[in-house]
Amino acid sequence: MALVRSSSTLTPGDQAPAFELPGTDDQLYTPRSFDGAAALLIVFTCNHCPYAEAKLPALNTLSTEVDDLAVVGINPNDATAYPEDSFDRMRERVEAGEVRFDAYLRDATQEVARAYDAVCTPDPFLFRVTDDGPVLVLHSRIDDAMGPEEHPTRFEMREAAEAVIAGEPIPVEATPSRGCSIKWTS
């Protein structure tokens, strides 16, 4: 496990890079699939990283409790080397109720992770949904617990998402997420 800090070249004001990815529900999704929400949280994540697993409860809570927020997980990891990250295993976790995102997508080619310049799991990007599509407002961590064994005291991404939905300034500073490196194919 290689621990890395997120460092995307996307900056606030950038449009969400386009994609079309399959979801565990056999639907194809694009960033515009979530135009009905006020905010969109795209998180590059996976099934095996302890850092990503530690954030799963917070992401499930965001998905199920914050109205007008769409939470989308994208798994870009090499599923050959890491079978736990296979599309079948992603489906199993959704069907078992372990993952409750609005959509859990598979980036088998890893092109989307590269377009977002994602480097770790989890690597979260918060967008304001506009008529022209999602616009990045924050690339930051989910909460202030930086290790899998730590307990958060501040749920920063929730505060940020609620501010975006309310049309208010974001009350948190961007702090890089950290986690396992994305498992790139060779």
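**Close-up views of a predicted model**

**Aromatic pairs in the structure.** The count of aromatic pairs in this predicted model comes to seven. One of them joins Y29 and F34, whose rings are stacked, with centres 5.6 Å apart and an angle of 10° between the planes. Y29 is buried, with a relative accessible area of 12%, and F34 is likewise buried, at 8%.

**The edge-to-face pair of F101 and Y104.** The ring centres of F101 and Y104 lie 5.5 Å apart; because their planes meet at 85°, the pair is classed as edge-to-face. F101 has a relative accessibility of 12% and therefore counts as buried. Y104 is also buried, at 3%.

**The aromatic cluster.** F19, F44, Y116, F125 and F127 are linked into a cluster by ring pairs.

N75 belongs to strand β5, which spans residues 69-75. Its relative accessible area is 0%, so N75 is buried. A polar atom of the N75 side chain lies 3.1 Å from the backbone nitrogen of N77. Beyond its neighbours within four places in sequence, N75 is in contact with T45, C46, N47, D85, M90, Y104, L105, R106 and D107.

**The largest pocket and its lining.** The largest pocket has a volume of about 220 Å³. Its lining consists of 15 residues, among which P57, A58, D143, P152 and F155 lie nearest the pocket centre. Helix α1 (residues 50-65) supplies the largest share of this lining, with six residues. By residue class, the lining comprises nine nonpolar, two polar and four charged residues.

Technical notes: Residues are numbered from 1 along each chain as its sequence is written. This is a predicted model: local features need pLDDT of at least 70, side-chain atom pairs count only at pLDDT 80 or more; totals for chains, interfaces and linings use all residues. Side-chain values use heavy atoms; hydrogens and water are left out. On a 1 Å grid over the protein atoms alone, a cavity is a set of points where a 1.4 Å probe fits but cannot get out, and a pocket is an open set with protein on both sides within 12 Å along at least five of seven lines; lining residues have an atom within 4 Å of a point. Grid points are joined across faces, edges and corners, and a volume is the space filled by probe spheres set on the points. Helices (H or I, at least four residues) and strands (E, at least two) are DSSP runs, numbered from the N terminus. Ala, Val, Leu, Ile, Met, Phe, Trp, Tyr, Cys and Pro count as nonpolar, Asp, Glu, Lys and Arg as charged, and the others, Gly among them, as polar. Buried means under 20% relative accessible area, exposed over 50%, partly exposed in between (1.4 Å probe, protein chains only). A polar contact is a pair of N or O atoms within 3.5 Å; within protein, one must be able to donate a hydrogen and the other to accept it, and residues adjacent in sequence count only if both atoms are side-chain atoms. Contact means heavy atoms within 4.5 Å. Rings of Phe, Tyr and Trp (its six-membered ring) pair if their centres lie within 6.5 Å; planes under 30 degrees apart count as stacked, over 60 as edge-to-face and the rest as tilted.
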